[in-house]
Amino acid sequence: MITEIQKKKAVHFFELLDSHRNGHLQADDFSEIAERIRLGLGYEAGGEKHVFLAKKSARFFHTLLNAISHENKQQITKDEWVNFIDKKIINGKDDEFKEEFEEFIIGFLFDLFDDNHDGYISTDEYVDMFVVYGIDIKYSAKAFLKLDLNKDDRLSRNELLHSFEMFLFSDDPNQPGNWIFGNWED
Ligand SMILES: [Ca+2]
Ligand SMILES: [Ca+2]
């Protein structure tokens, strides 16, 4: 069984992916993210960078649709999401699947936010993620410090993978990784 703390984080994650905040993950939530990044970084509409983001984002949603059982076509509800995180991830038996899921999510975040392609998420790139997902940026500095384990002022893929794993699995409210997507507590 998923615990209250684990569920709170799973719901927090769902709510930020649900860009339109209507309780369903749908294709337009993901095209919206590509559009927000485009506007935020000043990419030309329909230009190469925009097309790259839109494709990555659409593919991301389709991978989720394939992985998560859902009743209605082309959408995932909050309950279906939490059930997936509970049964397939937190309490799932297939370790390879869990690892793939973690790498898939972090890989997606790198595709979207590692704007200078140096293999790290800088403080600015991390703030971009908060802005794009509508996460209160008041918590971005605090979160960044918690995630930057080796204190080199940038987040490596391994630091993000580690934090994301803690975010998914930990039942400890004081676990630093809980903060990967900002304030999960309210
Ligand atoms: Ca970077
Ligand atoms: Ca670091």
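Lys87 is partly exposed, as 13 other C-beta atoms lie within 10 Å. The model described here is predicted. Lys87 belongs to helix H4, which spans residues 78-90. Its C-alpha atom is separated by 8.3 Å from that of Ile2, although Lys87 and Ile2 are 85 residues apart along the chain. Elsewhere in H4, the residues Trp81, Phe84, Ile85, Ile89 and Ile90 are buried. The buried residues of H4 pack against H1, strand E2 (75-77), H5 and H8.

In soluble globular proteins, nonpolar side chains tend to be buried together. The largest nonpolar core of the model has 43 residues, and those with the most contacts inside it are Ile85, Leu109, Leu147, Leu160, Phe164 and Ile180. At least two residues of this core are supplied by each of several helices, including H1 (4-17), H4, H5 (95-113) and H8 (157-169). H5 gives the most, with six residues. Beyond its neighbours within four places in sequence, Phe164 is in contact with Glu102, Ile105, Ile106, Gly177 and Ile180.

Two packed helices are described by the angle between their axes and the distance between the axes. The axes of H5 and H8 come within 10 Å and cross at roughly 130°; H5 is therefore oblique to H8. The crossing of these two helices, H5 and H8, is right-handed. On the H5 side, the contact is made by Glu102, Glu103, Ile105, Ile106, Leu109 and Phe110, and on the H8 side by Arg157, Leu160, Leu161, Phe164 and Glu165. By class, the contact of H5 with H8 comprises seven nonpolar and four charged residues, with no polar residues.

Note on methods: Residues are numbered from 1 along each chain as its sequence is written. Chains are lettered from A and ligands numbered from 1 in the order in which they are written. This is a predicted model: local features need pLDDT of at least 70, side-chain atom pairs count only at pLDDT 80 or more; totals for chains, interfaces and linings use all residues. Helices (H or I, at least four residues) and strands (E, at least two) are DSSP runs, numbered from the N terminus. A residue is buried if 20 or more other C-beta atoms lie within 10 Å of its own, exposed if 12 or fewer, and partly exposed in between; C-beta atoms are placed from the backbone. A nonpolar core is a set of buried Ala, Val, Leu, Ile, Met, Phe, Trp, Tyr and Cys residues joined through C-beta atoms within 7 Å. Two residues are in contact if their C-beta atoms, placed from the backbone, lie within 7 Å. Axes are lines fitted to C-alpha atoms, for helices over the stretch in contact, and angles run from 0 to 180 degrees between N-to-C directions. Angles under 35 degrees count as roughly parallel, over 145 as roughly antiparallel, 65 to 115 as roughly perpendicular and the rest as oblique. A crossing is left-handed if the near helix is turned anticlockwise from the far one by less than a right angle, and right-handed if clockwise. Ala, Val, Leu, Ile, Met, Phe, Trp, Tyr, Cys and Pro count as nonpolar, Asp, Glu, Lys and Arg as charged, and the others, Gly among them, as polar.
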